[in-house]
Amino acid sequence: MKDTVRLTPVERAVRKVARLIPAAHNALPADQRPAAPDMHAVSLETVLEAFGVSHTVAGQRHHAADLIATAYTG
């Protein structure tokens, strides 16, 4: 928790998106699911609506995907 306090608002938003990506990936039908979650599992529109962030922050999905690639689990 203490580490979360030190994050910038953008870093916090990226982590929120990083939690959305695996959930969206797992919600796909098994025959349509890629081998690993990727940033395209969550659309920019979903990020915008879910968090009320700007297009700039929503466009940071690649940073969220990078977190997931380094075993980030939220």
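Colleague: Leaving aside neighbours within four places in sequence, which residues is Leu7 in contact with?

Modeller: Arg12 and Arg15. Contact here means heavy atoms within 4.5 Å. Bear in mind that this is a predicted model.

Colleague: Where does Leu7 lie, and why is Leu7 called buried?

Modeller: Leu7 lies in the loop between helix 1 and helix 2. Its relative accessibility is 17%. Buried means under 20%, so Leu7 counts as buried.

Colleague: How far does the confidence carry, and what is the average pLDDT of the chain?

Modeller: The chain averages 79, and 89% of the residues score at least 70. Helix 1, residues 2–5, has the lowest mean pLDDT among the elements, at 61. Helix 2, residues 9–27, has the highest, at 83. Where pLDDT is low, the predicted coordinates should not be read in detail.

Colleague: What makes the pattern of the chain α-α-α-α-α?

Modeller: The chain has 5 helices and 0 strands. Read along the sequence, that gives α-α-α-α-α.

Colleague: How do you know that the span of helix 2 agrees with its number of residues?

Modeller: Helix 2 has 19 residues. The expected span is 1.5 Å times one less than that number, so helix 2 should span 27 Å. Its end C-alpha atoms are 27 Å apart, which agrees.

Colleague: Which residues of helix 2 are buried?

Modeller: Ala13, Val14, Val17, Ala18, Ile21 and His25. They cover an arc of only 150 degrees around the axis, so they sit on the same side of helix 2. An α-helix has 3.6 residues a turn, so residues three or four places apart point the same way.

Colleague: And which exposed residues does the face turned away from the buried side of helix 2 carry?

Modeller: Pro9, Asn26 and Ala27.

Colleague: Why does His25 count as buried?

Modeller: The relative accessible area of His25 is 6%. The cut-off is under 20%, so His25 is buried. His25 belongs to helix 2. Beyond its neighbours within four places in sequence, it is in contact with Arg33, Pro34, Ala35, Ala36, Pro37 and Ala41.

Colleague: Is His40 buried or exposed, and why?

Modeller: Exposed. Its relative accessibility is 58%, and exposed means over 50%. His40 lies in the loop between helix 2 and helix 3, residues 44–51. The C-alpha atoms of His40 and Arg61 are separated by 8.3 Å, with the two residues 21 apart along the chain.

Colleague: What about Arg19: why is Arg19 called partly exposed?

Modeller: The relative accessible area of Arg19 is 41%. Buried is under 20% and exposed is over 50%, with partly exposed in between. So Arg19 is partly exposed. Arg19 is placed in helix 2. From Arg19 to Ile68 the C-alpha distance is 8.6 Å, although they are 49 residues apart in sequence.

Colleague: Which residues make up the largest nonpolar core?

Modeller: Val14, Val17, Ala18, Ile21, Val42, Val47, Ala64, Leu67 and Ile68, 9 residues in all. Helix 2 gives the most, with 4 residues.

Colleague: Take one of the core residues, Val17. What does Val17 touch, not counting residues up to four places away in sequence?

Modeller: Val17 touches Val47, Phe51, Arg61 and Ala64.

Colleague: Which residues of helix 5 are buried, and how do you know that they line one face?

Modeller: Arg61, Ala64, Leu67 and Ile68 are buried. Seen down the axis of helix 5, they fall within an arc of 110 degrees, so they line one face of the helix. Helix 5 is followed by Ala71, whose phi is positive, near 75 degrees.

Colleague: Now the whole chain. What percentage of its 74 residues count as buried?

Modeller: 23%. The accessible surface comes to about 5,000 Å², and 56% of that belongs to carbon and sulfur atoms. Among contacts between residues at least 6 apart in sequence, 44% join residues at least 24 apart.

Methods. Residues numbered from 1 in each chain as written. Predicted model: local features only at pLDDT ≥ 70, side-chain atom pairs only at ≥ 80, totals over all residues. Heavy atoms only, no water. pLDDT = per-residue confidence, 0-100. Helix = DSSP H or I, 4+ residues; strand = E, 2+ residues; numbered from the N terminus. Buried < 20%, exposed > 50% of the residue type's maximum accessible area, 1.4 Å probe, protein only. Areas by Shrake-Rupley, 256 points an atom, 1.4 Å probe, with all protein chains shown as cover. Arc of directions from axis to C-beta. Core = buried A, V, L, I, M, F, W, Y, C linked by side-chain atoms within 4.5 Å.
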